[in-house]
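Reader: Hi! I'm new to reading protein models. Could you walk me through this one?

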Amino acid sequence: MPFQYLDELAEGFLTTLSLTLLSAVGALVIGTVLAAMRVSPVPVLRAVGTTYVQLVRNTPLPVLAVLFALGLPVLGPSFGFFTWAVLALAVYTGAFVCEALRSGINAVGVGQGEAARAIGLGFGQTMRLVVLPQAFRTVVPPLGNVLIALTKNTAVAATISVADITLRSNALITSSADPLGVIGASALAYLVITLPLGLAVDRLEGRVAVVR
Amino acid sequence: MSAAVNAFGDPLGPRGRRRALVASVVSGLVVLVLLYLAYRRLSDRGQLDARRWEELLSGEGLEFLATGLVNTVRVAAVAIVTSLAVGTVVALGRLSRLAPVRWVATTYVQLFRALPSLLLIIFSFYGLNQLFIDQGSATRVSAEVAIVLGLTLYNSAVIAEVVRAGVRSLPRGQSEAASALGLRRGQAQRFVLLPQAFLRMLPALVSQAVTTLKDTAYGTVIGFDDLLRRGQLAGETTRSPLQGLVLAAVGYIVLCFVVSQVAAYLERRVTRRFGGRTQVTGVEDVTT
């Protein structure tokens with residue numbers, strides 16, 4: 001029975017949960033700034049945003065985590081592995097948040113922006129009153145999927161020995177000699193986070209959806 | 001410098017252009033200052049010293065890393081092929097008329113899509129070997145096989161959803177026409193639906209291949225000799241951990257970038273061919 005391992009996974013579960021929450025906040029901040037840079041009319045900012053997204057999206061997350069935790073300390077900063085894991089996850093997921101937001105902004109019809117301009121709204125007003133409210137609605141499902149993917153991606157912390165669900169399951173497999181039970185338990189532990197998240201996204205989507 | 005446009009693609013007016021120019025200059029300066037600070041930090045800590053790079057970039061060092069790169073590519077290639085095969089079978093299961101087959105396929109997809117691929121790799125390695133030991137069997141799963149297995153479990157579940165979405169996206173007329181011609185359901189799927197669906201899904205499938213390629217780096221946890229591990233090892237032996245890892249990262253970035261470009265190219269081709277009315281990319285994990 002997988003349930004007998006839930007106790008032993010509880011601590012790992014809390015670690016995974018805090019990794020998810022902390023890096024989600026970081027990723028949303030980074031992603032929003034990047035998206036603003038990428039849709040801005042300033043070529044330099046656009047180039048910086050594009051370069052960031054291209055570089056980070058094409059780097060495997062474990063490579064980023066190991067590079068951060070074992071490579072960057074030679075430059076001075078010394079954090080715990082948990083902090084490095086949060087940083088790597090936030091930096092990585094930020095690129096995907098940016099793309100989700102940007103596709104939401106691009107999905108708002110060109111006519112909307114033109115109409116706003118035609119009735120005399122400035123750039124800031126157009127963005128604030130017309131484009132962003134509509135973009136927010138289309139962005140809910142992809143953003144939700146990014147957050148669900150982030151929850152699973154927190155497993156990367158196990159590669160730099162942060163004791164999350166994955167690392168604890170790893171230890172339990174050998175100590176309990178019951179691999180199937182352990183995988184069942186850790187599957188449950190991840191589902192406890194991802195399923196409510198998925199449901200919440202569905203509900204939010206239903207509430208803000210616009211019929212176009 | 002391309003003509004300055006705002007977020008809606010309108011050309012900017014004279015005041016907007018002036019502001020964009022000022023912002024460009026200011027942000028350009030900020031970027032330069034940041035780059036200079038990074039450079040200063042790197043050189044102050046002696047991280048740019050030639051000796052830190054020489055050994056890694058010597059013939060021997062590069063050969064060591066290249067072997068890791070080859071291992072990464074090999075595992076990724078095998079995992080992509082097996083994921084595609086298993087994913088297609090599971091997708092057909094989800095489209096089956098037999099309810100029990102649908103249930104099994106749905107459970108497979110929901111379970112394995114919800115788990116981190118690292119957990120599946122660890123389970124394929126430690127879990128299976130533990131099972132073999134318990135049963136007194138002499139069979140062992142190698143790290144390479146475990147990575148392929150773990151990645152296949154995860155990616156086939158994702159690909160099954162892509163394939164299913166692809167088949168569903170075809171107009172009803174296709175399967176109706178097939179049955180009007182006297183094709184049985186299986187034949188219609190094989191000769192009419194799947195070939196068209198695969199063409200439409202091609203960009204999504206190639207993006208998923210990039211994900212698979214990136215996820216092979218988790219193999220380093222179970223001791224697989226891939227590019228990440230070799231970068232780490234090379235860095236340790238030459239006492240230049242940052243440089244070793246940076247070189248490994250560059251290898252991955254180049255590799256993934258090339259495959260991503262293929263995906264973008266295919267996307268353009270497919271969109272042109274179907275006049276932009278195909279969107280089979282809306283499956284969640286495809287981009288992450």
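Author: Happy to! One term to begin with: accessible areas come from the Shrake-Rupley method with a 1.4 Å probe. Keep in mind as well that this is a predicted model.

Reader: How many helices and strands does chain A have?

Author: Chain A has 8 helices and 0 strands. Following the sequence, the pattern reads α-α-α-α-α-α-α-α.

Reader: And what box do its C-alpha atoms fill?

Author: Along the principal axes, the box is roughly 70 × 45 × 20 Å. As for contacts in chain A with a separation of 6 or more, 78% come from residues 24 or more positions apart.

Reader: Is A:Ile105 buried or exposed, and why?

Author: A:Ile105 counts as buried because its relative accessibility is 13%, and buried means under 20%. Beyond its neighbours within four places in sequence, A:Ile105 is in contact with A:Val39, A:Val131, A:Leu132 and A:Ala135.

Reader: Now chain B. Which residues does B:Ser24 contact, leaving aside its neighbours within four places in sequence?

Author: With those neighbours set aside, B:Ser24 is in contact with A:Val42, A:Pro43 and A:Val44. B:Ser24 itself belongs to helix 1 (residues 14-44) of chain B. Its relative accessibility is 9%, so B:Ser24 counts as buried.

Reader: Let's switch to charge. How many positive and negative side chains are there in chain A?

Author: There are 12 positive and 9 negative side chains in chain A, and the centres of the two sets are 19 Å apart.

Reader: Which residues of chain B gather in a patch of negative charge?

Author: That patch is on the surface, and it brings together B:Glu54, B:Glu55, B:Glu60 and B:Glu63. At least two of the patch residues come from helix 2 (50-57) of chain B, and at least two from helix 3 (59-94).

Reader: Where does B:Glu54 lie, and is it buried or exposed?

Author: B:Glu54 lies in helix 2 of chain B. It counts as exposed because its relative accessibility is 53%, and exposed means over 50%.

Reader: Great, thanks for the tour!

How values were computed: Residues are numbered from 1 along each chain as its sequence is written. Chains are lettered from A and ligands numbered from 1 in the order in which they are written. This is a predicted model: local features need pLDDT of at least 70, side-chain atom pairs count only at pLDDT 80 or more; totals for chains, interfaces and linings use all residues. Side-chain values use heavy atoms; hydrogens and water are left out. Helices (H or I, at least four residues) and strands (E, at least two) are DSSP runs, numbered from the N terminus. Contact means heavy atoms within 4.5 Å. Lys and Arg count as positive and Asp and Glu as negative; His and the chain ends are not counted. The place of a charge is taken as NZ of Lys, CZ of Arg, CG of Asp or CD of Glu. Patches are made of residues with over 30% relative accessible area and no salt bridge: like charges are joined within 9 Å, nonpolar side chains (Val, Leu, Ile, Met, Phe, Trp, Tyr) within 5 Å. A salt bridge is a side-chain nitrogen of Lys or Arg within 4 Å of a carboxyl oxygen of Asp or Glu. Buried means under 20% relative accessible area, exposed over 50%, partly exposed in between (1.4 Å probe, protein chains only).
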